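The sequence and the model come first.

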Amino acid sequence: MSNNVKKIIGVSIIVIVLLTIVTCVVMINNRKRKEEDKLYSTLNTVAKDYYRDYYYKVVLGNNEVTRSTKAEQLKDTGIKLSLRDLAQYKINDEDSVLSKFKNYQNGSDCDYDNTKITIYPVYPYGSENVRVESNIVCGF
């Protein structure tokens, strides 16, 4: 074989190896992002359920005017909770909420006390009108 053919084969092998490595890295990052997005989505759903089913109905009062007024006062500061606190509103179902939050890599539980959410009521301050910010501590 001539030197040109050997160079072309060598370069081709290097390109194939690099493409394989890049593809593997992208797939691993996509899986990680997908798993983290799934946890954030679940946490946001639990937070919205908490606000709608408990906080809005029980804590903010028993009529629409009172609820709207109190919710408007929280629009900037928000309602701050840990995942553990959030799960406790499901009195008989706390463990099923917490069991959804595991590190997908090793199966260990997320940090229920340092995983935090903040629920911000937004205009028109109804039971579904919230914005949720969350930070999951799960060892990723």
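How many bridges join strand β1 to β2, and do these strands run parallel or antiparallel? Four bridges link β1 (residues 79–82) with β2, and the two strands run antiparallel. The model is a predicted one. K80 has T118 in β2 as its bridge partner.

On the pairing of β2 with β3 (residues 130–135), there are six bridges, again in the antiparallel sense. I119 stands opposite V132 in β3. The two pairings are set out below.

| Strand pair | Sense | Bridges |
|---|---|---|
| β1 and β2 | antiparallel | four |
| β2 and β3 | antiparallel | six |

Strand β2 spans residues 116–121, and five of its six residues are buried, so the strand is largely enclosed by the rest of the structure. For the chain of 140 residues, the buried share is 29%.

The strands belong to a chain with four helices and three strands, arranged along the sequence as α-α-β-α-α-β-β. The radius of gyration is 24 Å, well over the 14 Å given by the globule rule for 140 residues, so the chain is more spread out than a compact globule. The C-alpha trace spans about 85 × 30 × 20 Å along its principal axes.

Of the contacts between residues at least 6 apart in sequence, 63% join residues at least 24 apart.

Notes: Residues numbered from 1 in each chain as written. Predicted model: local features only at pLDDT ≥ 70, side-chain atom pairs only at ≥ 80, totals over all residues. Heavy atoms only, no water. Rg over C-alpha atoms; globule rule 2.2 N^0.38 Å. Buried < 20%, exposed > 50% of the residue type's maximum accessible area, 1.4 Å probe, protein only. Contact = heavy atoms within 4.5 Å. Pairing = 2+ DSSP bridges.
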